[in-house]
Amino acid sequence: MATEVSEKSHAVLGPSGAATWVACPGSVVLQDGLPNDSSIHSRWGTVAHEVAALCLWDEVMDEPYPEPLEAEGFVGRTFIVEGHAIEVDMEMADCVNTYCSYVHSYIDLKAGDKMYVEIEVPLEHITGE
């Protein structure tokens with residue numbers, strides 16, 4: 001069974017596109033309404049991001065699973081991104097585990113640190129958006 005990955009909302013002046021819109025503010029208007037054609041690589045990254053969020057989200061739930069979720073548990077699982085099936089493989093699981101380890105190097109939940117997973121961050125004070 002495949003899991004549909006819902007499209008996330010993105011700010012028009014989001015940080016990931018800052019190199020473009022800072023260098024060329026007119027690009028924002030010029031790109032408006034154009035299709036957002038993604039590649040197999042960006043869809044692969046979307047699935048890796050989704051798996052990472054699931055692994056990290058488990059840790060901040062009121063009743064997490066007895067054992068933390070590891071990305072290896074998703075190997076063989078299929079996610080649908082923009083109508084395309086992407087299967088989690090060991091390469092992706094390794095990337096996700098590396099990312100989750102990096103996150104953990106900055107946070108200690110047992111010491112009371114807070115971790116927020118997939119929340120919208122307001123940028124209005126920076127971009128006016």
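**Notebook: a buried arginine, a core and a ring pair**

I looked up arginine 43 and noted that it is buried (under 20% relative accessible area, with exposed meaning over 50% and partly exposed in between, for a 1.4 Å probe and protein chains only), yet it has no salt bridge, the nearest side chain of opposite charge being glutamate 82 at 4.1 Å. A salt bridge here needs a side-chain nitrogen of Lys or Arg within 4 Å of a carboxyl oxygen of Asp or Glu; for charge, Lys and Arg count as positive and Asp and Glu as negative, while His and the chain ends are not counted.

I keep in mind that this is a predicted model, in which local features need pLDDT of at least 70 and side-chain atom pairs pLDDT 80 or more, while totals for chains, interfaces and linings use all residues. Residues are numbered from 1 along each chain as its sequence is written, and side-chain values use heavy atoms, without hydrogens and water.

Arginine 43 lies in helix H3, helices being DSSP runs of H or I with at least four residues and strands runs of E with at least two, numbered from the N terminus. Leaving aside neighbours within four places in sequence, I found arginine 43 in contact (heavy atoms within 4.5 Å) with Ser38, Val81, Glu82, His84 and Ile86.

I then turned to methionine 92, which touches Trp44, Val47, Ala48, Ile86 and Glu87, again not counting residues up to four places away in sequence.

Last, I asked which rings pair: tyrosine 102 and tyrosine 106 are edge-to-face, because their centres are 5.2 Å apart and their planes at 65° (pairs need centres within 6.5 Å; planes under 30 degrees apart are stacked, over 60 edge-to-face, the rest tilted).

How values were computed: Rings of Phe, Tyr and Trp (its six-membered ring) pair if their centres lie within 6.5 Å; planes under 30 degrees apart count as stacked, over 60 as edge-to-face and the rest as tilted.
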